[in-house]
Amino acid sequence: RESDHRAWTPVSYTVTRQNATVQGLIEGKAYFFRIAAENIIGMGPFTETTKEIVIRDPITVPDRPEDLEVKAVTKNSVTLTWNPPKYNGGSDITMYVLESRLIGKEKFHRVTKEKMLDRKYTVEGLKEGDTYEYRVSACNIVGQGKPSFCTKPITCKDEIAPPTLDLDFRDKLIVRVGEAFSLTGRYSGKPAPKVTWLKDDIVVKEDDRTKIKTTPTTLCLGILKSVRGDSGKYCVTVENSTGSRKGFCQVNVVDRPSPPVGPVIFDEVHKDHMVVSWKPPLDDGGSEITNYIIEKRDAHRDLWMPVTSATVKTTCKIPKLLEGREYQIRIYAENLYGISDPLISDEMKAKDRFRVPDAPEQPIIKDVTKDSAVVVWKKPYDGGKPITNYIVEKKETMATRWVRVTRDPIFPSTQFKVPDLLEGCEYEFRVSAENEIGIGDPSPPSKPIFARDPIAKPSPPINPEAVDKTKNSVDLSWQPPRHDGNGKIIGYLIEYQKVGDEEWKKANLTADSCPETKYKVTGLTEGLTYKFRVKAVNAAGESEPAYVPEPVEVKDRLEPPELILDANMAREQHVKAGDTLRLSAVIKGVPFPKVSWKKEDHEVSPKADIEVTGVGSKLEIRNTVHEDGGIYSLTVENPAGSKTVSVKVVVLDKPGPPRNLQVSEVRSDSCYLTWMEPEDDGGSVITNYVVERKDVASAQWVAISSSSKKRSHIAKYLMEGTQYLFRVAAENQYGRGPYVETLKPIKAIDPLHPPGPPKNLHHVDVDKTEVSLVWDRPDRDGGAEITGYLVEYQEDGADEWTKFQTVPMLDCVVTGL
């Protein structure tokens with residue numbers, strides 16, 4: 001039962017052992033228990049516990065403390081920390097016992113005399129250079145628990161530790177103007193580090209607003225009532241003999257922007273609106289400008305009217321103005337942190353202050369041709385607004401109406417090439433300028449001009465040279481002048497001068513007698529040396545002369561013949577029968593060589609047309625036949641030498657007739673034809689033979705083979721006893737040649753052989769001058785009916801047989817013996 005209740009509660013009725021577990025009790029409450037024994041007769045008396053029992057977990061000594069660590073070592077002290085045991089034994093820890101052992105000794109000695117609950121302790125008064133190990137135990141009401149695991153051996157000496165730095169601030173910090181801010185953190189290091197604060201790489205010094213506080217473990221930089229100038233990159237450096245650490249923070253002290261930068265510029269002023277512009281604030285307050293607020297005010301009223309409060313541009317159109325009134329504009333800049341003081345403009349009257357451009361000065365006309373002219377003018381005053389276009393007009397001098405030369409804009413160029421003029425007409429031109437206000441007055445008309453090409457004397461001819469000479473002439477050649485003076489070159493004047501003379505003589509009297517860029521100067525004296533010059537002539541006159549660079553000695557020039565083959569002589573020529581054969585070559589040589597054509601070392605056919613010019617020769621044969629093929633040679637010869645070239649010409653034609661057509665192996669239904677290829681294959685491979693037959697009684701030939709490539713054929717399916725003729729023709733890619741025909745018909749019958757010998761020849765009667773003979777038919781008749789039997793006799797001892805007679809029957813009487 002509970003100690004404060006009187007009623008007992010049964011725990012178990014079936015306990016047979018001498019112990020029992022009571023469950024369902026409440027922790028912290030006090031209970032009494034009683035026990036009675038029972039047998040089959042009944043229950044005995046109860047025995048009761050003498051005192052109440054409070055329900056709680058059993059208490060033991062604590063577990064060993066955890067994580068014993070050495071935090072600091074000097075030459076005469078050691079600082080240690082640890083964590084509580086995982087389990088306190090069911091009772092609160094009452095104190096910790098720290099023990100040490102000098103390395104080399106066996107026993108641990110208690111370090112702490114007083115009752116210690118802190119989990120950090122500094123052992124002092126140690127001897128420099130001694131080495132110790134430490135352990136710690138926890139105590140509760142039951143007693144002292146197991147000691148912790150020992151530390152590693154620790155030697156007393158001053159420690160060196162590189163600096164550490166733990167900052168309480170981030171990389172960036174934004175502060176409103178007037179507010180205070182501080183940068184704090186913790187640091188450590190052995191020996192004690194030096195702490196330095198920098199702003200934008202300059203050391204920070206304390207003043208009324210700037211405070212620096214440093215303890216052995218903490219550091220702090222504080223600034224009171226911050227201003228925009230406090231913005232910058234702050235750096236704290238912690239440094240000792242073993243190294244240094246740095247921390248950074250970009251501080252941005254933000255404020256509303258400064259006013260926009262004036263003055264307010266009136267870009268445009270009109271009677272009902274203005275366009276103004278300004279410059280951004282010098283200081284945007286540390287935050288980008290998000291907006292400008294623009295207001296206007298009639299100069300004679302106090303009320304400011306909003307224009308816009310949502311623009312980031314530094315220009316604005318001020319609308320809805322009254323003509324003639326004066327206005328002021330004020331502008332505020334705004335960022336995330338507020339609105340600046342205003343920028344206020346001067347007063348400005350609302351009126352149009354721009355006009356159309358002035359009229360340009362009289363334009364100048366240049367580069368006139370038969371259908372175009374270039375008009376040039378100077379830019380006039382633009383009326384206060386930029387010129388956007390020029391309008392060029394033209395008219396014929398005698399007409400009254402001006403016409404625009406183009407609808408396309410002309411700007412910014414101050415000249416324009418006017419097209420589509422009529423040759424020979426007289427024109428005037430004028431120019432107007434246009435801006436956004438409108439089109440200004442036109443310029444005065446230009447001086448009249450006629451649309452025609454200007455003509456000047458041509459430039460000299462180019463590169464005159466002597467290209468050939470004989471004993472009394474020199475051939476000159478040159479190139480046209482670079483500039484014809486805009487006039488057609490009529491021709492050229494050629495002049496020559498004997499070396500040593502001063503006078504130049506004319507080779508031709510008029511330019512039109514030499515329209516081409518070459519001329520043969522004749523009538524010169526053999527052996528003399530001459531200079532030559534050429535002038536170009538157009539309607540404006542003669543050009544300056546162009547001189548042949550070197551004097552020329554007049555004499556015959558010897559050059560051996562040279563043949564430059566055209567494509568039709570460069571390799572073997574194939575010509576289809578009936579087509580035209582052309583052979584040609586360019587011939588050079590001085591004097592010009594004698595030309596001769598040969599075929600197979602003989603004169604060429606009379607049907608060949610041969611043409612010889614001053615530069616070459618050509619042979620042409622129309623309607624070629626096969627006989628025109630062969631090797632053609634061209635020979636050129638002069639006193640300096642000779643040269644010959646040859647080309648093989650193949651005239652491609654139908655082949656000739658096959659040769660030696662033979663018929664053999666005649667049967668009643670077939671025969672065997674053989675022949676030889678034609679002597680002439682037409683210059684092309686024979687592709688096949690055509691074989692035909694004809695019944696002698698019929699006029700029609702019948703093809704029996706048209707694709708045979710062999711030179712033989714079996715003619716099948718003949719009618720026995722019928723007489724046939726055969727013919728064969730050869731074909732190549734150019735057609736079918738003539739037929740060759742069998743000379744005489746053949747009869748379709750099986751071949752005949754001599755019959756076999758008669759059998760069983762014997763005499764049946766003998767007289768003194770005659771013998772009666774009989775015999776039997778032979779075994780084979782040779783393929784035809786036996787028409788008779790030839791009877792011969794021979795005198796005994798003689799060599800020759802004597803014919804007696806031929807008899808139709810199987811018996812005979814030989815007489816005259």
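Analyst: The account starts at the core and then turns to annotations, backbone, salt bridges and surface.

The model is predicted, so local features are reported only at pLDDT of at least 70 and side-chain atom pairs only at pLDDT 80 or more, whereas totals for chains, interfaces and linings use all residues. Residues are numbered from 1 along each chain as its sequence is written, and side-chain values use heavy atoms, with hydrogens and water left out.

A nonpolar core is a set of buried Ala, Val, Leu, Ile, Met, Phe, Trp, Tyr and Cys residues joined through side-chain atoms within 4.5 Å. Buried means under 20% relative accessible area, exposed means over 50%, and partly exposed lies in between, with a 1.4 Å probe and protein chains only. The largest nonpolar core comprises 20 residues, and M569, L583, W597, L619, Y632, L634 and V649 have the most contacts inside it. At least two residues of this core come from each of β48 (581–590), β49 (594–599), β52 (616–621), β53 (630–638) and β54 (641–652). Strands are DSSP runs of E with at least two residues, helices are runs of H or I with at least four, and both are numbered from the N terminus.

Contact means heavy atoms within 4.5 Å. Leaving aside residues up to four places away in sequence, L619 touches L581, R582, L583, W597, V604, A608, D609, I610 and Y632.

The loop between β49 and β50 (602–603) holds D601. D601 has a positive phi of about 65° although it is not a glycine, and it is exposed, with a relative accessible area of 69%. K320 likewise is not a glycine and has a positive phi, of about 55°. K320 sits in the loop between β25 (315–318) and β26 (326–335) and is exposed at 75% relative accessible area. Most residues other than glycine have a negative phi, and most peptide bonds are trans.

Two cis peptide bonds also deserve mention. One joins G262 and P263, with omega about -5°; P263 is in strand β21 (residues 261–269). Another joins F411 and P412, with omega about 5°; P412 lies in the loop between β33 (403–404) and β34 (415–418).

Residues 561–646 are 0% helix and 60% strand, and their end C-alpha atoms lie 16 Å apart. For residues 163–252 the values are 0% helix and 64% strand, with the end C-alpha atoms 28 Å apart. The feature "domain: Fibronectin type-III", from an unreviewed UniProt entry, is given for several spans, including 359–454 and 757–817. Residues 359–454 are 0% helix and 36% strand, with end C-alpha atoms 30 Å apart.

The structure holds 29 salt bridges, each a side-chain nitrogen of Lys or Arg within 4 Å of a carboxyl oxygen of Asp or Glu. One of them joins the side chains of R186 and D168 at 3.1 Å, N to O. This pair links distant parts of the chain, 18 residues apart: R186 is in strand β14 (residues 181–190), and D168 is in the loop between β12 (161–167) and β13 (172–176). R186 is partly exposed at 37% relative accessible area, and D168 is partly exposed at 45%.

R727 and E692 form another salt bridge, at 2.7 Å, N to O. R727 in strand β60 (residues 723–732) and E692 in strand β57 (residues 688–695) are 35 residues apart, and the pair links distant parts of the chain. R727 is buried, with a relative accessible area of 17%, and E692 is buried at 9%. Salt bridges that share partners also join E495, R533, K535 and E542 into one network.

V142 lies in the loop between β10 (131–139) and β11 (154–155) and is partly exposed at 43% relative accessibility.

Note on methods: UniProt positions are given in the numbering used here, feature names are shortened, and annotations may be inferred rather than shown by experiment.
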